[in-house]
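Here's a quick briefing to read alongside the model. Keep the structure open and follow along topic by topic.

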Amino acid sequence: MTVAAAEIARIPNRSGMWHFVRRNPTLVGGLAVLLLVALAALIAPLIAGDPIAAKPVNRLRPPSQINWLGTDQLGRDVWARTVYGARISLVVGLSVAAIAMTIGLLIGLLAGFSRTVETVVMRLMDGLMAIPAILLAIAFVSLSRASVSVVVAAIALPEIPRVVRLVRAVVLSVREQPFVEAAVASGTRLPKILRRHILPATMPPLIVQATYVAASAILIEAALSFLGAGTPPEIPTWGNMIASSRVYLGLAPWTIFGPGLALALVVLAVNLVGDGLRDHLDPRIARRM
Amino acid sequence: MGAFIIRRLLSTLLVMGLVGVFIFLLLHLSPGDPAAIIAGDNATPAQIEAIRTSLGLNDPLHVQFGRWAVRVLNGDLGISIFSNVPVATLIAQRVWPTISLAFTTIVLAVALALAAGVLAAWKAGSLADRLVMILSVVGFSVPVFVVGYLLIYVFAITLRWLPVQGYSPLAEGLWPWASHLILPSTALGLAYVALIARITRTAMLDVLAEDYMRTARAKGVGTGPMLFKHALKSAGVPIVTVVGIGIALLIGGVVITETVFNLPGIGRLVVDAISKRDYPIIQGVILLFSGVYVIINLLVDLSYTLLDPRIRY
């Protein structure tokens, strides 16, 4: 075998999994972290103790063999609370992304096809976008009864206009494409054009957008919990863990370490998945600003 | 140009009107009853009803909205339900810490982000570029309050270089004022730096690939003037757009940063008001913040012609 042939033999299968990993390090890395966190959240009772049980005798203990990340001001295990806290963050991130995408897609499709709907809806969206998302969410949550579904709705609402704008922009550009004109000219009905031509075109940018929405939703949920305007306080979340540990920052810095690091890591992973998907699906899509 | 400004102003007014309707509806359709809260736990239904009537909460919704809108247009944001002080006065009392924080953050963040973005684009593919890109993804992912407490722990509690929390007015000296703002501005500005550095790099990469940059180079333009005078100005439009859009991020961050660092600003005012369901304060502050956001983005739109003479309206 010549040297050149040996070189060729060593080139891995181009369609192989390893090739995909090598080409998309951020996507795969981010996904790996998220899967790990999701798994931990799912099997929380197996890998962590009771996140709620208060043992005042054990309060503010530094990390040890028994309490890996120490204990908080009520003697609760920080590791257990961090693991259980992942549940809220992941649920909120996923549901907000799903809701904002679905509603945004429907409104965006309508706005892209009907002039009258477009004028009214886009003005409404401008108005909604002018209100700082976090303030809108805080007002919404704190004026209703605190529950996970209210938090999800409050965070999803300000995200909808951004999705609507994106979908409308895609619809407007695809509508002018020759293949759509051809479909219209040959008498294809609107629902079929929507299903066959328009919807598939909106998917790649929508999927990328969904990850950024999820990242921002996780951050806003944590901010709401931190400000005391989030989910009921008895549910451990990274935001309310950080809020309750701030008084003890000088005394017991470990109480903030677990939730702070987990939050930053998960948001980073979601953003990396978004960047990776963007590069993989369509290099031309600009990152949402 | 004149017609464009008028059209743009009209649409700004429309947006603000919509914001008013949204905020009014949101706060009035939600289940919390301020009359019951004012009356206290031991009030009889009749007493609560009397308070509702005196506050005008029993009138039809559109009447309440009309009354509120007319007053707001006259600069009257209402009176705080709890402290009985006009909301405009409360905001005026709290405005300086917020302006100080926003001002220092924007100036520091934009300067740092432009420098980092230009460097990354100029040395594209280098270690410095990689570092700037990694930091910008990380900076965008770490929440304000996590960075805030980390900074407090390291620089205020452990090293004791800077005060932990609080605010000192500028009138009491430059250093006390600045020393109270260094950590909050850093925490708040991180995501903003990340956002602007990223877009600066992208915009600069596009400009640096243009033929006229090679021409400028061939004419003997030095590296510094080439990057900052020729290229950065051409890359201005997308950068300024993001600086404007990023204000929304900053406003949300101000609310949290003021809580973390115990700054007595407008953000704290609204957070405190929300826990007491003090409608007029919440309405007033959200309206104010939305107005600031809308006006800044109006200015951004108008600034395009200054940055790029090819843009004519």
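As for labels, residues are numbered from 1 along each chain as its sequence is written, and chains are lettered from A and ligands numbered from 1 in the order in which they are written.

**The two chains at a glance**

- Walk along the sequence of chain B and the pattern reads α-α-α-α-α-α-α-α-α-α-α-α-α.
- A residue is called buried if 20 or more other C-beta atoms lie within 10 Å of its own, exposed if 12 or fewer, and partly exposed in between, with C-beta atoms placed from the backbone.
- On that count, 36% of the 313 residues of chain B are buried, and in chain A buried residues make up 44% of 289.
- Two residues are in contact if their C-beta atoms, placed from the backbone, lie within 7 Å.
- Take the contacts between residues at least 6 apart in sequence: in chain B, 73% of them join residues at least 24 apart, and in chain A the figure is 70%.

**Two helices worth a look**

- Helix H8 (residues 174-208) of chain B has 35 residues, yet its end C-alpha atoms are only 40 Å apart, short of the 51 Å a straight helix would reach at 1.5 Å a residue.
- That expected span is 1.5 Å times one less than the number of residues.
- Where does H8(B) kink? The kink is centred on Gly189(B) and comes to about 45°, where the bend at a residue is the angle between axes fitted to the seven residues ending there and the seven starting there.
- Helix H12 (residues 254-281) of chain A has 28 residues and reaches 40 Å from first C-alpha to last, close to the expected 40 Å.
- H12(A) is largely enclosed by the rest of the structure, because 20 of its 28 residues are buried.

**Where the chains meet**

- The contact takes 42 residues from chain B and 38 residues from chain A.
- H11(B) gives the largest share of chain B's side, eight residues.
- By class, chain B's side has 34 nonpolar, seven polar and one charged residues.
- Here Ala, Val, Leu, Ile, Met, Phe, Trp, Tyr, Cys and Pro count as nonpolar, Asp, Glu, Lys and Arg as charged, and the others, Gly among them, as polar.

**How confident is the predictor?**

- pLDDT is the predictor's confidence in each residue, from 0 to 100.
- Chain A averages 84, with 92% of the residues scoring at least 70.
- In chain A, helix H1 (residues 3-10) has the lowest confidence, at a mean of 54, and helix H5 (residues 78-113) the highest, at 92.
- Over residues 285-289 of chain A the pLDDT is below 50.
- Where pLDDT is low, the predicted coordinates should not be read in detail.
- Chain B has a mean pLDDT of 85, and 96% of its residues reach 70 or more.
- The model scores ipTM 0.83 and pTM 0.86.

Notes:
This is a predicted model: local features need pLDDT of at least 70, side-chain atom pairs count only at pLDDT 80 or more; totals for chains, interfaces and linings use all residues. Helices (H or I, at least four residues) and strands (E, at least two) are DSSP runs, numbered from the N terminus.
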